[in-house]
Amino acid sequence: MRILVTGGAGFIGSNFIRTYLQAHPADSIINLDKLTYAGNLDNLSDLEGAVNYSFIRGDVAETETVEKALGAGVDAVVHFAAETHVDRSITNARDFVTTNVLGTFTLLEAARRKSVSRFLHVSTDEVYGSMPPGKAADEMCPLEPNSPYAASKAASDLLVRSFWQTHKFPTIITRCSNNYGPNQFPEKLIPLMVTNALEGKKLPVYGDGLNERDWIYVVDHCRALERVLHSGRPGEVYNIAAGKPHSNLEIVKRLLEILGEPEDLIEYVADRPGHDRRYALETAKISRELAWSPAVNLEQGLRDTVNWYRTHKEWVEKTKSGEYRSYYEKHYVNRREMLTRL
Ligand code: NAD
Ligand code: TYD
């Protein structure tokens, strides 16, 4: 199978490409990524020279680029590319609409024209909005997004749905809870807290710290995506989660314990506007239909993640300082598309 992965230089996309090719070396992957501040090629440097992997720098919202990327007989699309940070969507949502809505539409339209046989759209639990205590969203739950990020993802989910309903274009949507693990940009909760603590900085906890998220180790998410890609039913939605929400404070305190740092590094700061209190998902469908369940428990996943950030100081420095970004701007500035084997 030949797969076009979008956003494969980012956190989940890079983990997906690595785990997928390890399990299916006879398949090949083309990675289409714009290399925004959130993506960098070091995330996949271990694939340098691999015959079954290639990279195209380009924007999913540009028809010409997307058509070129799909040109070489792609069987399936796995669509990760997105603007993903809620806080950025609060200060400026324009890129979220352009990439998440227009980009998804552009990709759908081009993939349909090329008769791609499977389109997997990677979405989020945030589209369901905040869940009251004791309640978990199943796949039929209404979409009630509250941040501009979540709204842009919900809009893209609806476009994806419409291509199945209208054209019978074989799309599948997954909605996953918060991921953590190696290569996550250090502006999201877990890598921000770990890297700040390693640098002796304060750990900014929003509001009372009692908002809950259901943290899943990124490789578990990637394995679920692989199952859905191979055996999911077109037109369906599959929720993916670890199955146990935890408060932010619990997570931050556990990280400090693993790091051997004191709790007085925690600093309570002003709450995020529109901050969803609790995300929780019902995952019976994917476990029943595709026999998927998470393999990595939170304790092990957090330890491995802390260890990864401890041992990847250069990566952290380059992402935090914007060094990767300025490198790509300098080297690829006049080339709308760069096709290279890493
Ligand atoms: P990320 O921000 O780490 O990576 C996004 C990648 O997309 C980057 O490599 C970036 O360069 C690329 N990109 C952005 N705009 C692009 C464009 N216009 N054209 C091409 N490439 C572009 O994101 P992530 O955390 O890896 O999330 C990947 C996907 O999974 C997103 O669709 C997100 O909504 C979804 N998701 C994320 C989580 C999570 O906890 N991180 C949970 C559920 C679902
Ligand atoms: P985040 O990693 O941004 O993911 P999302 O908002 O998509 O769930 O945030 C996870 C939780 O952590 C969320 O409740 C907001 C909170 N948070 C903080 O308390 N402090 C921070 O500095 C950040 C980035 C997030």
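The questions and answers below cover a ligand shell, the cysteines and the aromatic pairs of a predicted model.

User: How many residues surround ligand 2, and which are the closest?
Analyst: The model is predicted. In it, the shell around ligand 2 has 8 nonpolar, 5 polar and 5 charged residues. The shell count is 18, and the closest residues are E126, P204, R213, R272 and H275.

User: Which helix and which strand each supply at least two residues of the shell around ligand 2?
Analyst: The elements here are DSSP runs. The helix spans 189-198 and the strand 203-206. They are α6 and β8.

User: How far is an oxygen atom of ligand 2 from an N or O atom in the side chain of E126?
Analyst: A polar contact needs N or O atoms within 3.5 Å. R213 brings a polar side-chain atom to 2.8 Å from a ligand 2 oxygen. Y206 uses a backbone N or O atom, 2.9 Å from an oxygen of ligand 2. For the E126 side chain, the distance is 2.5 Å.

User: How much of the accessible area of ligand 2 does the protein cover?
Analyst: On its own, ligand 2 has 510 Å² of accessible area.

User: Which cysteine has the sulfur nearest to that of C176?
Analyst: A search of the whole structure finds 0 disulfides. C176 is in none, with the nearest cysteine sulfur 9.0 Å away. C176 is buried, at 3% relative accessible area. The nearest sulfur belongs to C222.

User: Is the ring pair of F16 and F80 stacked, edge-to-face or tilted?
Analyst: There are 10 aromatic pairs in total. The ring centres of F16 and F80 are 5.4 Å apart, with planes at 50°. Planes under 30 degrees apart would be stacked, and over 60 edge-to-face. So the F16 and F80 pair is tilted.

User: How many residues apart in sequence are the parts that F16 and F80 tie together?
Analyst: F16 lies in helix α1 (residues 11-23). F80 sits in the loop between β4 (76-79) and α3 (86-91). The separation is 64 residues.

User: Are F16 and F80 buried or exposed?
Analyst: Buried means under 20% relative accessible area. F16 is at 0%, and F80 is at 10%. Both F16 and F80 are therefore buried.

User: Which residues do ring pairs link into a cluster with F16?
Analyst: F16 and F80 form a tilted pair. Ring pairs link F16 into a cluster with Y20 and F80.

How values were computed
Residues are numbered from 1 along each chain as its sequence is written. Chains are lettered from A and ligands numbered from 1 in the order in which they are written. This is a predicted model: local features need pLDDT of at least 70, side-chain atom pairs count only at pLDDT 80 or more; totals for chains, interfaces and linings use all residues. Side-chain values use heavy atoms; hydrogens and water are left out. A residue is near a molecule or strand if one of its heavy atoms lies within 4 Å of it. A polar contact is a pair of N or O atoms within 3.5 Å; within protein, one must be able to donate a hydrogen and the other to accept it, and residues adjacent in sequence count only if both atoms are side-chain atoms. Accessible areas come from the Shrake-Rupley method with a 1.4 Å probe; for residues, only the protein chains shown count as cover. Helices (H or I, at least four residues) and strands (E, at least two) are DSSP runs, numbered from the N terminus. Ala, Val, Leu, Ile, Met, Phe, Trp, Tyr, Cys and Pro count as nonpolar, Asp, Glu, Lys and Arg as charged, and the others, Gly among them, as polar. A disulfide is a pair of cysteine sulfur atoms within 2.5 Å. Buried means under 20% relative accessible area, exposed over 50%, partly exposed in between (1.4 Å probe, protein chains only). Rings of Phe, Tyr and Trp (its six-membered ring) pair if their centres lie within 6.5 Å; planes under 30 degrees apart count as stacked, over 60 as edge-to-face and the rest as tilted.
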